[in-house]
Amino acid sequence: MCGIVGYVGPKETLDVLLGGLKRLEYRGYDSAGVSVISELGLETRKKAGKLTNLVNEIAEHPMRPSHIGIGHTRWATHGAPTDGNAHPHLGGPTQKLSLIHNGIIENFAELKAELLAEGTKFASETDSEVAAHLIAREYASVGDLPTAFANVVNRLHGAFTLLVVHVDQPDVVMAARRNAPLVIGLGDGENFLGSDVAAFVEHTKRAISVGQDQIVILRANSVEVRGFDGTPATPEEFTVDWDASAASKGGWPSFMDKEIHDQPQAVGDTLMGRIDADGVVQLSEVESLGVDWVNNIDRLVFVACGTASYAGDVAKYAVEKWSRIPTSVELSHEFRYRDPIITDRTLVVAISQSGETMDTLMATRYAKEAGAKVLAICNTQGATLARESDAVIYTHAGPEVAVASTKALTAQITAGYLLGLLLAQLRNSMPATARQALGQELLKMPARVQQVIDGLAQPRQLGKDFADAKSVLFLGRNVGFPIAMEGALKLKELAYIHAEGFAAGELKHGPIALIDEGQPVIVIVPSPREADTLHPKVISNIQEIRARGAKVIAVAEEGDAIVGDYAEHVIFTPQCQSIFSPILSVIPLQAFAMELATAKGLDVDQPRNLAKSVTVE
Ligand code: M6R
């Protein structure tokens, strides 16, 4: 969703803003714009479409050198993605103020009516322009930008990150944050603002996460943070552990391709230092919840959306099996609207790559109000979710830029395994030898992920071969079921074709009616090696669908000597404990979807209609 950059300092502002917006492109947007204060006063350029349109506009109408400015990529909510609705928006009759906004101002209609009654002329259909005019009007009345800004943000309802510059105060960028992300980058004689650290990580790794209902007064040599009520705040600084080069393609044709290949490292880095050679988990982050309290948990609820919810679905199998804590998975946006039973003995585990998904934030706030403890599994330092949770397990996947989640998922599942093992350890819910053997097995997974990556030529070719498919179905059982759902989601979001994931056992209860001559079906086949194996049942399912004309691609374990007799194509993944197989079996599905979409000529990094970080409910 919208990306925001602000800068004040000695560098050429336009370079900083355009560089920051480029790095925020992954969030998804449909127009872009910048304002700088130069010797000519306020200069603004904005354009619908990709950032290159804005760059071309600036080339046609160059801007003067500047040392302060704001930049924005907009994901349309109120008003179509046109030049006029693009941000920044100018405020007041003299148009000396420029504003950018991420979020939705819920009471904009009544505020707009107030301004219209006074004769204010609007240049756009956005809710954001209302805030620009209100602040300009307030500034004209009180003569002090921080005061005017605070007076107005206190009148706004909803979700907003706002950045404002004003010609009369050309050394300051004002910012405010409520229910939308905002991070400060601290430089030497310069300072930055961004929707996330990607906006400024090439310039500084020192950052501050702005809290809920806080205002920032940013100058080249000072940063002041206050509450909306004026109370001074002392936010904590942190060091960004992402390297700027990690957020570039590094020679890969797409970010998605790169991120698929990052997975051995994402899984390895998420495990690093958290399990010792004996398989004992050391997750000090979670132990801060208190051993006594951990022993008291009577249920665990994962909340998440999209791909992150499938990580929760996989983790549920591990956590419940090993710790014996009743565990469920809820889509964040459904969770709080059904009056769930949450008590002070509930552990809510919120999974989010960005840590800014509004649905998940609202779910966790609801859970906390109901007395639960909240543990975040999050990939982004300084994210709102991390700050608002009682404890955080960071996934160390590095920046994930492609809209379609890949390495974040395998890192989230890995973190889920760590959590399951830790809970089992703290609660003594399984024999130590068995638990430690699992921990030792988990340590072997990055090498196995690498083996899958080394064999991706086959699923990639299959993606090309099936480029004309109108629909693809996915089947899985047990931990393969969420992976079937994820395979279908990848295909929907990247290739815009119908795809559904089903529990293989559910097939006979309805979905088998979809099978027709030539229907491609991808089946995640469980290992044939384990005692309580589901393997024969899934092989029967394959026979049932093939008898009705399905073309079957199986994802199966190396050494499965049976599956080849029943499927047209078999993609083999290395042997491992079944519970750990999802972080292997999902990878060919990612590659299949990416290649199929590429063969259709689609942009796999920025699929249509989607945003990387969904910061509205
Ligand atoms: O940042 P989050 O992990 O909270 O995002 C959750 C979903 O929006 C995200 O996983 C989405 O489903 C992806 N586009 C899937 O590839």
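Modeller: Here is a walk through the salt bridges, pair by pair. The model is predicted. The count comes to 29 salt bridges.

Start with Asp168 and Lys96. They form a salt bridge, with the closest N and O atoms 3.1 Å apart. This pair links distant parts of the chain, 72 residues apart. Asp168 lies in the loop between strand 7 (158-166) and strand 8 (173-178). Lys96 lies in the loop between strand 5 (89-91) and strand 6. Asp168 has 38% relative accessibility, so it counts as partly exposed. Lys96 is partly exposed too, with a relative accessible area of 32%.

Next come Arg137 and Glu114. Their salt bridge brings the closest N and O atoms to 2.8 Å. Arg137 belongs to helix 4 (residues 128-142) and Glu114 to helix 3 (residues 108-117), so the bridge ties together parts that are 23 residues apart in sequence. Arg137 is partly exposed, at 28% relative accessibility. Glu114 is partly exposed as well, at 26%.

Now Glu388 and Arg365. They form a salt bridge, and the closest N and O atoms are 2.8 Å apart. Glu388 is in helix 13 (residues 384-388) and Arg365 in helix 12 (residues 358-369). The two are 23 residues apart, and the pair links distant parts of the chain. Both Glu388 and Arg365 are buried.

Some bridges share partners. Such bridges join Glu114, Glu118, Arg137 and Arg155 into one network.

Conventions. Residues numbered from 1 in each chain as written. Predicted model: local features only at pLDDT ≥ 70, side-chain atom pairs only at ≥ 80, totals over all residues. Heavy atoms only, no water. Salt bridge = Lys/Arg side-chain N within 4 Å of Asp/Glu carboxyl O. Helix = DSSP H or I, 4+ residues; strand = E, 2+ residues; numbered from the N terminus. Buried < 20%, exposed > 50% of the residue type's maximum accessible area, 1.4 Å probe, protein only.
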